[in-house]
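Welcome, and please load the model in your viewer. We will go from one selection to the next, with a short note on what is there at each stop.

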Amino acid sequence: LSQKDLLIPFHAAAMSFTAFIIGSLIPLLAIMLSAPSWRFINTAIAMVIALSLNAIISTYETTNSTKRTIVRNVVIGILTIFVTYGIGALLHVMLG
């Protein structure tokens with residue numbers, strides 16, 4: 001193995017970290033800038049936009065289907081919301 005081959009995991013980790021931070025800013029801004037009555041719907045729309053951008057960027061210069069990746073990311077994101085809400089309801093955690 002060459003030194004260049006050993007640096008690839010660090011590059012992938014740095015890119016994942018950067019993508020997470022940038023991707024999380026979109027819904028976070030929607031939460032912070034929305035009126036309380038619009039907060040849920042604006043955050044959901046922002047989440048779909050962030051996940052779609054993630055899919056578009058991750059399939060750039062690949063042979064993977066961008067549309068399929070967008071659908072997968074959004075469906076998994078929505079399922080994650082329901083699971084998180086379910087766990088919070090199960091543990092009787094309410095915010096707001």
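The tour starts with the whole chain, then turns to a pair of helices and the loop between them.

**Before you select anything.** This is a predicted model, in which local features need pLDDT of at least 70 and side-chain atom pairs count only at pLDDT 80 or more, while totals for chains, interfaces and linings use all residues. Residues are numbered from 1 along each chain as its sequence is written, and side-chain values use heavy atoms, with hydrogens and water left out.

**Stop 1: the whole chain.** Show the cartoon: you have three helices and zero strands, where helices (H or I, at least four residues) and strands (E, at least two) are DSSP runs numbered from the N terminus. Of the 96 residues in the chain, 16% are buried, meaning under 20% relative accessible area with a 1.4 Å probe, protein chains only.

**Stop 2: α2 and α3.** Select residues 39–58 for α2 and residues 66–90 for α3; the two helices pack at an angle of about 145°, with axes 8 Å apart. Axes here are lines fitted to C-alpha atoms over the stretch in contact, and angles run from 0 to 180 degrees between N-to-C directions.

Now show side chains. On the α2 side, the contact (heavy atoms within 4.5 Å) includes Met47, Val48 and Leu51; on the α3 side, look for Ile70, Val74 and Ile81, among others. By class, this contact has nine nonpolar, seven polar and no charged residues; Ala, Val, Leu, Ile, Met, Phe, Trp, Tyr, Cys and Pro count as nonpolar, Asp, Glu, Lys and Arg as charged, and the others, Gly among them, as polar.

**Stop 3: α3 by itself.** Which residues of α3 are buried? Select Thr69, Asn73, Val74, Gly77 and Gly88; what covers them includes α2. Just after α3, find His92, which takes a positive phi of about 60°.

**Stop 4: Thr59.** Finish in the loop between α2 and α3, where Thr59 sits. Is Thr59 buried or exposed? Thr59 is buried, at a relative accessible area of 5%. A polar atom of its side chain lies 2.9 Å from the backbone oxygen of Ala55. Next, select Thr66: its side chain and that of Thr59 are joined by a polar contact of 3.0 Å, a term for a pair of N or O atoms within 3.5 Å, one able to donate a hydrogen and the other to accept it, with residues adjacent in sequence counted only if both atoms are side-chain atoms.

Terms used: Buried < 20%, exposed > 50% of the residue type's maximum accessible area, 1.4 Å probe, protein only.
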